[in-house]
Amino acid sequence: MINPHKLGVHKVLKHIPLNLIFDAPAKRRLAKAVNIADLRLCAKARAHKMVFDYLDAGADDEISLRRGKDAYSELEMHFHILSGIKPPLDLSTKIFGEDVKIPFFGCPTAGNRMFHWEGETAAAKAAEHHGSLYGLSSLATTGITEIGQIHNGPKVFQLYVWKDRELVKEVLDKAKEGGFNALALTVDFTWYGNRERDIRNEFTIPPKYSVKQVIEAIKKPAWTYDFLSHDPYTYACINTSVPADSLAAFVNSQMRPEFDWKDAEWLLGEWNGPAAVKGVIRPDDAVKAVETGFSTMWISNHGARQLETSPATIDVLPSIREAVGPDVEIILDGGVQRGTDIAKALALGADSVGVGKPYLYGLAAGGTEGVIKALEILKVELDRAMGLLGTGTVDDLKKRGPGLIKRRPGSARDYPDRYAFERGYGGGVI
């Protein structure tokens with residue numbers, strides 16, 4: 001099918017800096033944002049509808065998406081007083097055995113250039129700015145080498161369960177050569193979740209040039225000019241010569257539902273370094289993963305985008321910590337929207353926390369500047385929460401955590417008011 005990129009329109013438009021005009025309203029909105037909910041609205045205002053909904057959505061009825069946020073509301077913070085601490089607090093810790101300045105990071109997510117032309121480079125620059133871990137998806141639209149040139153700190157490479165072992169070996173070798181010191185195997189993506197907003201929006205990569213999509217593109221000139229004035233997407237960690245739309249069928253054919261623990265053992269042998277199993281929500285699976293050789297348990301339900309009514313990750317964290325003991329590293333993601341959420345996760349047994357939607361909202365809202373702001377918002381909120389709790393370091397928060405966080409039954413006061421959906425509470429409304 002003929003499209004603007006095949007006609008070479010991007011080669012002309014990239015020399016015409018019209019986005020200085022188109023992006024002016026987005027920059028003003030970004031400057032006024034004070035929390036992640038504000039960044040979500042900024043992203044919604046700038047991004048094409050199908051792109052924003054792809055980022056914002058969960059599976060099926062989005063019950064797990066809402067529960068993932070609600071679960072943090074049911075956790076109270078019982079703070080100490082007169083703790084004798086003063087700023088600056090020490091937010092530093094270790095992730096995968098490497099020093100980082102903050103105990104949270106942007107999760108590896110696919111296709112970042114879909115949200116903003118800077119794509120993964122924006123997230124890598126923000127991670128470098130804040131001294132955090134950087135996570136790169138194997139379905140990234142920016143290559144391993146380019147990321148390595150931007151981010152000098154610790155990096156984790158995310159891999160799906162693929163059929164072709166030679167392809168897996170090739171990608172792992174690239175990651176090692178690119179300075180990635182840890183591996184995360186995503187195990188909750190053997191089937192594709194039912195994301196109904198994508199179906200209704202006729203979501204494709206790249207977008208179809210239907211009347212509906214063109215109308216939506218006209219409504220969002222900054223995003224549309226980004227798309228039309230830059231090179232087409234490729235899945236750069238796999239094959240940079242094949243466009244993302246052609247490669248999508250290849251990726252689907254590579255997913256291996258029958259991938260099992262023996263395959264995981266083989267993968268660990270090929271990697272021979274720190275490795276996380278990403279997608280753990282059961283204590284017995286966590287114990288099995290430790291026995292198999294994984295160094296890190298990554299508690300995740302894939303952003304509530306896979307199995308509907310899967311549990312909120314913060315709810316299963318204490319049981320998994322109890323099952324694997326105090327010495328096994330645990331990363332948690334899912335439902336995090338505030339620095340207080342990060343504090344609660346650290347207090348209940350996580351060693352670090354991954355965030356997905358928050359930094360992608362920043363990316364869609366304003367590229368590098370938006371991601372830096374998203375991480376800064378969470379950093380300031382976490383610092384404030386730790387100070388008010390009376391914990392001056394991450395280690396102190398983890399050590400004293402069980403006595404600081406208490407659960408109580410939910411009440412109507414915890415949940416959204418009539419205007420909350422407009423602010424993005426729990427996903428969208430049709």
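Begin by selecting Leu-183, which stands opposite Ala-275 in strand 8. The model is a predicted one, in which local features need pLDDT of at least 70 and side-chain atom pairs count only at pLDDT 80 or more, while totals for chains, interfaces and linings use all residues. Residues are numbered from 1 along each chain as its sequence is written, and side-chain values use heavy atoms, with hydrogens and water left out.

Helices (H or I, at least four residues) and strands (E, at least two) are DSSP runs, numbered from the N terminus. Two strands pair if DSSP finds at least two bridges between them. Strand 7 and strand 8 pair in the parallel sense over 4 bridges.

Now select the whole of strand 7, residues 182–186.

Leu-159 is found opposite Leu-185 of strand 7. Include helix 9 (residues 165–177) as well: strand 6, helix 9 and strand 7 form a right-handed β-α-β unit. A crossover is right-handed if, with the strands pointing away from the viewer, the path from the first strand over the helix to the second runs clockwise.

## Second stop: a pocket

Next, select Val-187, Asp-188, Phe-189, Gly-279 and Asp-285, which lie nearest the centre of the second largest pocket. On a 1 Å grid over the protein atoms alone, a pocket is an open set of points with protein on both sides within 12 Å along at least five of seven lines, and lining residues have an atom within 4 Å of a point. This pocket is lined by 26 residues. Helix 14 (261–271) and strand 8 (275–280) are the elements that give two or more residues to this lining. Strand 8 gives the most, with 3 residues.

The volume of the second largest pocket is about 570 Å³; a volume is the space filled by probe spheres set on the grid points, which are joined across faces, edges and corners.

Move to strand 10 (residues 329–333), where 5 of the 5 residues are buried, so the strand is largely enclosed by the rest of the structure. Both of its faces are covered, with Glu-329, Ile-331 and Asp-333 on one side and Ile-330 and Leu-332 on the other.

Strand 9 (residues 296–299) pairs with strand 10 in the parallel sense over 4 bridges. Thr-296 has Glu-329 of strand 10 as its bridge partner.

Strand 11 (residues 352–355) runs parallel to strand 10 and is joined to it by 3 bridges. Asp-333 has Gly-354 of strand 11 as its bridge partner. From strand 10 the chain crosses through helix 17 (residues 339–347) to strand 11, and this β-α-β crossover is also right-handed.

Then select Gly-335, in the loop between strand 10 and helix 17. At 24% relative accessibility, Gly-335 is partly exposed. Which residues does Gly-335 contact, leaving aside its neighbours within four places in sequence? They are Gly-68, Lys-69, Tyr-72 and Asp-341, where contact means heavy atoms within 4.5 Å. Gly-335 and Lys-69 are 266 residues apart in sequence, yet 4.6 Å apart in space, C-alpha to C-alpha.

## Last stop: backbone details

Most residues other than glycine have a negative phi, and most peptide bonds are trans. Select Glu-62, in the loop between helix 5 (49–56) and helix 6 (63–73); its phi is positive, about 60 degrees. Glu-62 is buried, with a relative accessible area of 7%.

Leu-82, in the loop between strand 1 and strand 2, has a positive phi of about 50 degrees. Leu-82 is exposed, with a relative accessible area of 85%.

Finish at Pro-87 and Pro-88, which are joined by a cis peptide bond with omega about 0 degrees. Pro-88 lies in the loop between strand 1 (75–77) and strand 2 (93–95).

Methods
1 Å grid on protein atoms, 1.4 Å probe; cavity = no way out; pocket = protein on both sides within 12 Å on 5 of 7 lines; lining within 4 Å. Buried < 20%, exposed > 50% of the residue type's maximum accessible area, 1.4 Å probe, protein only.
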